[in-house]
Amino acid sequence: MMGGPNDAAGDSFLSEKSAKVFVAGHRGLVGSAIVQKLRDLGFTNLVLRTHAELDLARQSDVEDFFAAEKPRFVVLAAAKVGGIHANNTYPADFIAINLQIQTNVIDSAHRHGVKKLLFLGSSCIYPKFAPQPIPEDALLTGPLEPTNEWYAVAKIAGIKMCQAYRIQYGWDAISGMPTNLYGPNDNFHPENSHVLPALMRRFHEAKVNGAKEVVVWGTGSPLREFLHVDDLADAVVFLMEKYSGLGHVNVGSGKEVTIKELAELVKEVVGFEGELVWDSSKPDGTPRKLMDSSKLASLGWTPKISLKEGLCDTYKWYLENVKQ
Ligand code: GFB
């Protein structure tokens with residue numbers, strides 16, 4: 001039986017702002033937003049380690065870290081992530097590294113007395129043709145999207161591991177499933193990034209170089225839901241404070257656009273005035289993955305940042321931070 005919205009958390013995360021909080025993956029798109037959010041809320045004891053300082057894929061290193069640091073809370077935002085091309089090209093990395101990271105962190109966190117852990121997955125865990133909007137209980141009801149089934153299987157294993165540790169040990173591990181995320185500190189790699197940062201970089205470079213056209217992958221017809229990473233960080237704190245249930249929780253914006261509409265929006269925000277050229281030799285991926293986030297809404301959380309506002313915020317950050 002999956003947990004329900006009335007799975008209230010124990011005593012409050014927000015009442016322990018001097019407790020040690022380990023944010024795994026603190027330099028990435030998600031981790032950096034969570035660190036900023038916690039600092040803004042007055043958390044004074046964040047435990048942060050770069051990949052060079054702590055390789056989360058190495059079990060003995062993770063075990064030593066937890067034995068030494070003994071954090072009270074863990075937000076597991078570290079993962080091997082990427083867009084459709086990266087997932088399709090490096091399947092072994094996406095399944096192996098993510099399984100290693102999450103298994104090491106979840107097991108050592110429990111072993112060393114962490115009070116509460118939040119694991120972050122992705123909307124790609126759901127079947128390719130799940131009913132839309134996708135409810136949490138659609139998990140494992142059908143075949144996955146082939147381009148990212150490796151990452152999806154790893155993330156599904158993470159959800160199941162958190163549930164298993166709650167069932168066997170009564171341990172407070174919870175899982176959040178964000179939709180496609182974007183924002184500052186994203187990966188803007190031309191090939192391996194997600195669609196939104198990839199297009200932002202491509203339109204920007206085309207504008208600066210005076211190019212007449214920009215290639216966009218696929219047909220433009222798939223639908224995608226997007227959430228600004230600052231909204232996700234807000235939802236992470238909300239779940240750490242309010243939720244302690246067996247079931248995972250969808251974290252979406254509830255709004256979707258076609259890839260074509262997204263490309264037009266990014267083109268407008270960047271100010272590129274050339275043409276779009278569609279490369280249908282590139283994969284479209286799953287046709288749609290709008291999540292049903294009503295479980296989170298029933299707990300009292302809603303997103304605040306619109307896609308247009310979020311795109312402007314991200315492009316402003318891009319201009320100030322990405323070497324042109
Ligand atoms: O963000 P994205 O790469 O991954 O979006 P998914 C892919 C969609 O955007 C496809 C189109 O329909 C692509 O054809 N697209 C158009 C582009 N131009 C580009 C481009 O320049 N770069 C990219 N990357 N796409 C990911 C999963 O699926 O969703 C991950 O693979 C993760 O594992 C992530 O779950 C949230 O949204 O298709």
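This is a predicted model: local features need pLDDT of at least 70, side-chain atom pairs count only at pLDDT 80 or more; totals for chains, interfaces and linings use all residues.
**Exercise 1. Find how confident the predictor is in the chain.**

Start with the average: the chain has a mean pLDDT of 96. Next, take the share of residues that score at least 70, which is 97%. Finish with the overall scores: ipTM is 0.98 and pTM is 0.96.

**Exercise 2. Decide whether the radius of gyration agrees with that of a compact globule.**

Count the residues: there are 324. A compact globule with 324 residues would have a radius of gyration near 20 Å. The chain has 19 Å, so the value agrees. Along the principal axes, the C-alpha trace spans about 60 × 40 × 40 Å.

**Exercise 3. Describe the fold and the surface of the chain.**

List the elements: ten helices and eleven strands. Now look at contacts between residues at least 6 apart in sequence: 82% of them join residues at least 24 apart. Turn to burial: 54% of the 324 residues count as buried. The accessible surface comes to about 13,800 Å². Carbon and sulfur atoms account for 53% of that surface.

**Exercise 4. Is Ala-173 buried or exposed?**

Read its relative accessible area: 2%. Buried means under 20%. Ala-173 is therefore buried.

**Exercise 5. Which residues does Ala-173 touch, leaving out those up to four places away in sequence?**

Ala-173 touches Leu-117, Cys-162, Arg-166 and Gly-245. Then check Lys-115: Ala-173 and Lys-115 are 58 residues apart in sequence. In space, their C-alpha atoms are 8.6 Å apart.

Terms used: Residues are numbered from 1 along each chain as its sequence is written. Side-chain values use heavy atoms; hydrogens and water are left out. pLDDT is the predictor's confidence in each residue, from 0 to 100. Helices (H or I, at least four residues) and strands (E, at least two) are DSSP runs, numbered from the N terminus. The radius of gyration is taken over C-alpha atoms; the globule rule is 2.2 Å times the number of residues to the power 0.38. Buried means under 20% relative accessible area, exposed over 50%, partly exposed in between (1.4 Å probe, protein chains only). Contact means heavy atoms within 4.5 Å. Accessible areas come from the Shrake-Rupley method with a 1.4 Å probe; for residues, only the protein chains shown count as cover.
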